[in-house]
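Open the model in your viewer and keep the sequence panel beside it. This tour tells you what to select and what you will find there.

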Amino acid sequence: MALPTSYCSLVGCSLPLQQSPMGSVSSVDLAVAVADAGAVGTVTALGLSPASLARLLDDATARTTGVVAANFLTAAVDRAAVEVAAQRLRLVDFFWSDPDPVLVELVHGHGALVSWQVGSVEEARVAAGAGADVVVVQGDEAGGHVRGVGSLLPLLAGVLDVVQVPVLASGGIGHPRALAAVLAAGAAGARVGTAFIATTESGAHPAYKEAVVAARSGQSAVTGTFSVGCPLCATSARHRVLRSCIDAADAADDGVVGETTIGGRRVVVSKGSPLSPAASTTGNLGAMALYASDAAAAVDTVRPAGDVVRGLCDGAASLLAARTG
Ligand SMILES: Cc1cc2nc3c(=O)[nH]c(=O)nc-3n(C[C@H](O)[C@H](O)[C@H](O)COP(=O)(O)O)c2cc1C
C-alpha cells in the first residue's frame, strides 16, 4: 500500500521507514533486505577503514536497487570514510556528535544527502542550521544508546514546529499503530531498530533474537551497565537494553563473560562491555548488552526483514486510510 512522504521523494525510497544502524546487528544482508522492500537499509561504518567500508558498500549497492545508507557515530569520524560513503550512497547518517556543517558540506560535495539523529529540539534546530537534509529525532524510548532528552511525541512535536526539512521519529516504534501515530503527527517517516533485531537477516545471535521475541512491554530499561571500554559512554552512559541482561550482568562474576570475532580476530567480551552478542559470540550471552526498546513487545517471532517492513507500512497505511476514508 502506498505511503509516500517528503522523505521518500527526497531519498528515493518508496516507504517512509529507515532501518536503524545497529552495530553488528545491522548486517549488509539486513540493509539489503530492507532496501529491497522499499525502505532505507542502513549499515554502520564504525570500526571500518575507508577501504573496508568501500568494499562493504560496493557489495551492498551491487545487491539492491533500493536505498542504502551508512551511519557514522561520535565526533571521531574518519573524513576519508565519510567521503567513501558519500561517493557511493544517496544518504549518509550521523549520530552521537554535535551537528557539524563541515561534515555536511563534505557529504554534499559528493552529491549525497545527510541525515542527523538528534536528541532535543535545540539540537534539531542546530542540525537543520548545519545543512542536514533530514533530521531524525530520538525519544528516550529508543533501544541502544539514548541521546533523547525526553519522550518521543513531545520531542517530535517540538522539532516539527522549528524544522523545515523532513523529520523522522525514532524510538519505540515497532507496531503499525505507532508508525501511524508519528505519521499522523507530521513526521515524514520513522527510524526503526528493535523491530529488526529478530529478523532472519540480522547479525544478532539467535539467543539475542529469542530474547527480543520473548520480551514484553516494560521489559526494557535505560542503564549505564554496559559502559566498560565504550567510546559513546564518555559523553553519556545511557543505553536502553532488555532488563534481563542488566540482572544477568549483575549476577555474573567480574572479568570475562565470553568471546566474539571482530575484524577476523577472536577477542574477549568483558563484563560490562558494550558489545552485543553477534552470531560468532560465545559465553554468557544473556549477560551481554541486549540493546532493545519496548518495541520488542510487538515482535512475536523471527521473520524476514521484508515482512517487517511490509507489516509496519501496510498496517500504518490501512489505519491512516480508515481514519480519513
Ligand atoms: C541494537 C541497537 C544498536 C544500535 N546501534 C546504533 C548505531 O550503531 N548507530 C546509531 O546511530 N544508532 C544506533 N542505535 C539507535 C538507533 O539509531 C535508534 O535510535 C533506535 O533504534 C530507535 O529505537 P528503537 O530501537 O526502539 O526502534 C542502535 C539501536 C539498537 C536497538
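Which residue in β13 does T260 stand opposite? Select T260 and look across: the residue opposite is V267 in β13. Before going on, note that this is a predicted model, where local features need pLDDT of at least 70, side-chain atom pairs count only at pLDDT 80 or more, and totals for chains, interfaces and linings use all residues. Residue numbers start from 1 along each chain as its sequence is written.

**Stop 1**

Select 256–262, which is strand β12. Strands (E, at least two residues) and helices (H or I, at least four) are DSSP runs, numbered from the N terminus. Six bridges join β12 to β13, and the two run antiparallel. Strands count as paired if DSSP finds at least two bridges between them. Now show the open sheet of three strands, in the order β13-β12-β14, with antiparallel pairing. β13 (265–270) and β14 (282–283) stand at the edges with a single partner strand each, so one side of each has no neighbour in the sheet.

**Stop 2: the two domains**

Colour 6–200 + 300–324 as domain 1 and 206–295 as domain 2. These bounds come from an automatic or database domain assignment. Taken over C-alpha atoms, the domain centres are 23 Å apart. The contact between them takes 24 residues from domain 1 and 18 residues from domain 2. Two residues are in contact if their C-beta atoms, placed from the backbone, lie within 7 Å. On the side of domain 1 that touches domain 2, ten residues are nonpolar, eleven polar and three charged. Here Ala, Val, Leu, Ile, Met, Phe, Trp, Tyr, Cys and Pro count as nonpolar, Asp, Glu, Lys and Arg as charged, and the others, Gly among them, as polar.

**Stop 3: the ligand**

Centre on the ligand. Of the 29 residues around the ligand, F95, G143, G144, G193 and S293 come nearest. A residue is near a molecule if its C-beta atom, placed from the backbone, lies within 6 Å of it. The shell has 13 nonpolar, 15 polar and one charged residues. Domain 1 and domain 2 each give at least three residues to the shell. Show β3 (67–73) and β9 (189–192) too: each supplies at least two shell residues.

**Stop 4: two loops**

Select T74, in the loop between β3 and α4 (79–88). T74 is not a glycine, yet has a positive phi of about 70°. T74 is partly exposed, with 15 other C-beta atoms within 10 Å. Buried means 20 or more such atoms, exposed 12 or fewer, and partly exposed in between, with C-beta atoms placed from the backbone. Next, W96 sits in the loop between β4 (91–95) and α5 (101–109). W96 also has a positive phi of about 70° without being a glycine. W96 is partly exposed, with 18 other C-beta atoms within 10 Å.

**Stop 5**

Select 28–36, helix α2, where L30, A31, V32, A33, V34 and A35 are buried. Their cover includes β1 (17–19), β2 (40–44), α3 (50–63), β3 and α11 (305–324). Just after α2, G38 takes a positive phi of about 105°.

Finish at the largest nonpolar core, which has 113 residues. Such a core is a set of buried Ala, Val, Leu, Ile, Met, Phe, Trp, Tyr and Cys residues joined through C-beta atoms within 7 Å. A85, V92 and V135 have the most contacts inside this core. Domain 1 and domain 2 both give residues to this core, so it lies between them. Leaving aside neighbours within four places in sequence, the contacts of V135 include W116, V118, A124 and V167.
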